Amino acid sequence: MDREYIKDFVADVLFVLLSGYFFFRTVWCVLWLGPYLGFRLYRRRQEIAEKRRRLLASQFRDGMQCLLSSVEAGYSIENSVSGAVSDLRVMFDDKAPIVRAFRRMDHRLQNGESAEAVFREFGEQSGVEDIRSFAVIFSIASRSGGDIVHVIRSVSDTLYQKQEVMREIQTVLLAKQLEVSIMRFMPFAILAYFGIFAPTFLAPLYEGITGRIIMLVIYIIYLLCCQYAQKIADISI
């Protein structure tokens, strides 16, 4: 199992246990909060996959730049991919997504597969719209005898502009993401404060059916607010 997924799994379990203690004064709520935990684990997998896609998309521009340098120097597309692998291994770790992707493409090209088929499959497997679009454009240019150098240069320039816009957006969202993190933990701090210094103030919410229902409604609203805030901060272009 992925180490990052295990870390997030532990974090989600701890979050549910803390929720049970602070909102319901029991850790047994993990039993009936199981569906939410399952939902969080499902979302974690999606978030990790999306994070990897974004990393690949970010590194793809560097891959296109390395490919462009070789193509402009007069190398064939097959030799250009091989040269790009060497350049990318200098820029990134061997386990980087773009390095592994280009190494797989280089291996297939050296085995005689067409560049069109290799790029097309790369685009489909990546799940990244920019890579799929490049594969389609490359396929059309190859069949019609278009200028491959111009295609790669245009893609590289477009990716650079998109990354610059995304970098500006992330800078603006950084403060908002900090506010979201504070908002997520503030209810725990408030409940802990009253639990220590004024335990009788919130006692009715932990006793009887009415109090527990009210606390459950508050907890559901809290979870919905966290999900909504996360969705607002999740911007892609």
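Is glutamate 50 buried, partly exposed or exposed, and at what relative accessibility? Glutamate 50 counts as partly exposed, at 28% relative accessibility, where buried means under 20% relative accessible area, exposed over 50%, and partly exposed in between (1.4 Å probe, protein chains only).

1. Basis. This is a predicted model, in which local features need pLDDT of at least 70 and side-chain atom pairs count only at pLDDT 80 or more, while totals for chains, interfaces and linings use all residues. Residues are numbered from 1 along each chain as its sequence is written, and side-chain values use heavy atoms, with hydrogens and water left out.

2. Glutamate 50 and arginine 54 join their side chains in a salt bridge (3.2 Å, N to O); the term requires a side-chain nitrogen of Lys or Arg within 4 Å of a carboxyl oxygen of Asp or Glu. The two residues are about one helical turn apart, because 4 residues separate them in helix 3; helices (H or I, at least four residues) are DSSP runs, numbered from the N terminus. Arginine 54 is partly exposed, at 32% relative accessibility.

3. Glutamate 129 pairs with arginine 132, with the closest N and O atoms 2.9 Å apart. Both lie in helix 7, 3 residues apart. Lysine 162 and aspartate 130 form another salt bridge, at 3.0 Å, N to O. Lysine 162 is in helix 8 and aspartate 130 in helix 7, so this pair ties together parts that are 32 residues apart in sequence. The structure holds 9 salt bridges.

4. Methionine 64 touches Phe102, Phe134, Ile152, Val155, Ser156 and Leu159, leaving aside residues up to four places away in sequence; contact means heavy atoms within 4.5 Å.

5. Aromatic pairs. There are 18 aromatic pairs, counted when ring centres of Phe, Tyr and Trp (its six-membered ring) lie within 6.5 Å; planes under 30 degrees apart count as stacked, over 60 as edge-to-face and the rest as tilted. Phenylalanine 194 and phenylalanine 201 are stacked, because their ring centres are 5.0 Å apart and their planes at 15°. Phenylalanine 194 is partly exposed, at 25%, and phenylalanine 201 is exposed, at 56% relative accessibility.
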